[in-house]
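Welcome! Let's take a friendly look at a few residues and how they sit among their neighbours.

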Amino acid sequence: MRRSLHGTTAFSLVEVTLALGVAAICLVTLLGLLPAGVKTQQTSIQQTTANQIISQIYSFLRADVRLPQGQLNKVCGDGDTCDWGSLHGHWRDRAVPDTLYFTNDAKQVGLNGNMPANAVFRAKITYRTPPTETTALATVRVSWPAPVDPDSGGVPAGSVMATIAVNR
C-alpha cells in the first residue's frame with residue numbers, strides 16, 4: 001500500500017535551523033554563567049576555611065587564657081582590683097598583634113616574621129586589655145591571599161573578622 005505525500009508531516013529545514021539556533025543561544029548563556037558559579041563556589045570555600053581558622057584561634061586563646069586551678073583568687077582578690085600581670089601564658093606577654101599564616105587546608109605554617117611560600121591565609125590577632133576581671137577580648141581578622149597585607153594599604157580578595165571574648 002502506498003502512502004500519499006500529502007498525509008506525511010515533518011519539520012522543514014527552516015524550523016530545524018531555528019530550533020538549533022535557540023538551543024545554541026541557551027547553551028551559550030548557560031556556559032557564560034559557569035565561570036560566575038565557579039568563582040562563587042571558590043569564594044565560599046575560602047570563607048569557610050577562614051571561619052575554620054578563626055575557630056582554631058578561638059580555641060587556642062581560650063586554652064591559653066584559662067587560669068590554673070586555684071589561681072583565680074591570686075589574680076582577683078576580694079577587692080575590686082585584679083592583678084592581670086600574674087595571668088599566665090601568651091595573652092599577658094603580648095602587647096602587639098600576632099600575625100599567623102595558614103595553608104589552604106587551614107594548617108598553620110608561620111607566626112610573625114617572613115611569610116612562608118605556601119601561605120594562603122593571613123590571620124592577625126589584636127589583643128585587648130580585659131575590660132573586666134572575668135573577660136579578655138581579641139580581634140581576629142583572616143584575609144586572603146596571604147601576601148596582601150590590609151594594614152599596609154593592600155586590598156585582599158576577601159576577609160573575615162571576629163571579636164572573641166574568652167574566659168567568660
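## Thr-49 in helix H1

Helix H1 is where Thr-49 is found, in what is a predicted model. Thr-49 has a relative accessible area of 9%, and because the cut-off for buried is under 20%, Thr-49 counts as buried.

Which residues does Thr-49 contact, once its neighbours within four places in sequence are left aside? They are Asn-104, Ala-106 and Phe-121.

## The largest nonpolar core

The largest nonpolar core holds 20 residues, and Ile-53, Ile-57, Ile-125 and Val-142 touch the most other members. Several elements each supply at least two residues of this core: helix H1 (13-65), together with strands E1 (98-102), E3 (121-128), E4 (136-144) and E5 (158-166). As a general background, nonpolar side chains in soluble globular proteins tend to be buried together.

Let's zoom in on one of these residues. With residues up to four places away in sequence not counted, Ile-57 touches Phe-102, Ala-123, Ile-125 and Val-140.

## Ala-162 in strand E5

Strand E5 includes Ala-162. Is Ala-162 buried or partly exposed? Its relative accessibility is 22%, so Ala-162 falls in the partly exposed class, which lies between the 20% and 50% limits.

Ala-162 touches Ile-54, Ala-138, Thr-139 and Val-140, again not counting residues up to four places away in sequence. For the pair Ala-162 and Val-140, the C-alpha to C-alpha distance is 5.3 Å, while 22 residues separate them in sequence.

Terms used: Residues are numbered from 1 along each chain as its sequence is written. This is a predicted model: local features need pLDDT of at least 70, side-chain atom pairs count only at pLDDT 80 or more; totals for chains, interfaces and linings use all residues. Side-chain values use heavy atoms; hydrogens and water are left out. A nonpolar core is a set of buried Ala, Val, Leu, Ile, Met, Phe, Trp, Tyr and Cys residues joined through side-chain atoms within 4.5 Å. Buried means under 20% relative accessible area, exposed over 50%, partly exposed in between (1.4 Å probe, protein chains only). Helices (H or I, at least four residues) and strands (E, at least two) are DSSP runs, numbered from the N terminus. Contact means heavy atoms within 4.5 Å.
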